[in-house]
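The structure is shown first.

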Amino acid sequence: MLSPSEPLIVIDSNEALPQHKAYDFRPHCVKHLFAGDYSVSCGEAGEVLDHFVAVERKSFVNLLLEVGAGRDRFERFMDRFRQIDHAYVVVECTWEDVLNPNHAEYLAAKRRALKRGSRRWIQPAHASGTVLSWLRRFKVPILFAGIRAQ
């Protein structure tokens, strides 16, 4: 049984839940959040603190999509996300992965682009420059956490 002061992990209802099976979120609940994939709930009333603390999780592939085709949408999200006192973006790769042009995700992006007849794909300089510009512009920490355990 959860005590009134114990925190509860809150997973956003818009998040695809099957991917969370790799995490051991106990206890947790699912609710619509102001922004982000995760927040916490605590206190006597179980108030969700999503306007105070939130985490947005990104895989390396998601990050590359946000740098490229999803950039406008992600920047609108970041405008909203930065209103949260303690907002963090956690990326499931290392900064070294982002800088490595031979990383499997870059090579896969290149193959997909060439297959559709495009000569343009996300390169490490583009991805790293975009991330650095987001850090400066939005003032939201972007943490490179490495690959989660399978």
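## Strand pairing

Two strands pair if DSSP finds at least two bridges between them. Helices (H or I, at least four residues) and strands (E, at least two) are DSSP runs, numbered from the N terminus. This is a predicted model, in which local features need pLDDT of at least 70, side-chain atom pairs count only at pLDDT 80 or more, and totals for chains, interfaces and linings use all residues. Residues are numbered from 1 along each chain as its sequence is written, and side-chain values use heavy atoms, with hydrogens and water left out.

Strands β5 and β6 run parallel and are joined by 7 bridges. Arginine 57 stands opposite valine 90 in β6. Valine 90 also has a bridge partner in β7, leucine 143; β6 and β7 (residues 142-144) run parallel, with 3 bridges.

## Aspartate 37

Aspartate 37 lies in the loop between β2 (28-31) and β3 (38-42). Aspartate 37 is buried (under 20% relative accessible area, 1.4 Å probe, protein chains only; exposed is over 50%, partly exposed in between). Aspartate 37 has no salt bridge (a side-chain nitrogen of Lys or Arg within 4 Å of a carboxyl oxygen of Asp or Glu). The nearest side chain of opposite charge is arginine 57, 4.8 Å away; Lys and Arg count as positive, Asp and Glu as negative, and His and the chain ends are not counted.

Contact means heavy atoms within 4.5 Å. Not counting residues up to four places away in sequence, aspartate 37 touches Val10, Ile11, Asp12, Glu15, Val55, Glu56 and Arg57.

## Helix α2

The buried residues of α2 (residues 71-81) are Phe74, Glu75, Phe77, Met78 and Phe81. They are on the same side of α2 because they cover an arc of only 155° around the axis, taken from the directions from the helix axis to the C-beta atoms. Their cover includes β5 (53-59), α1 (60-67), β6 (86-92) and α5 (124-138). Exposed Asp72 and Arg76 are on the face turned away from the buried side.
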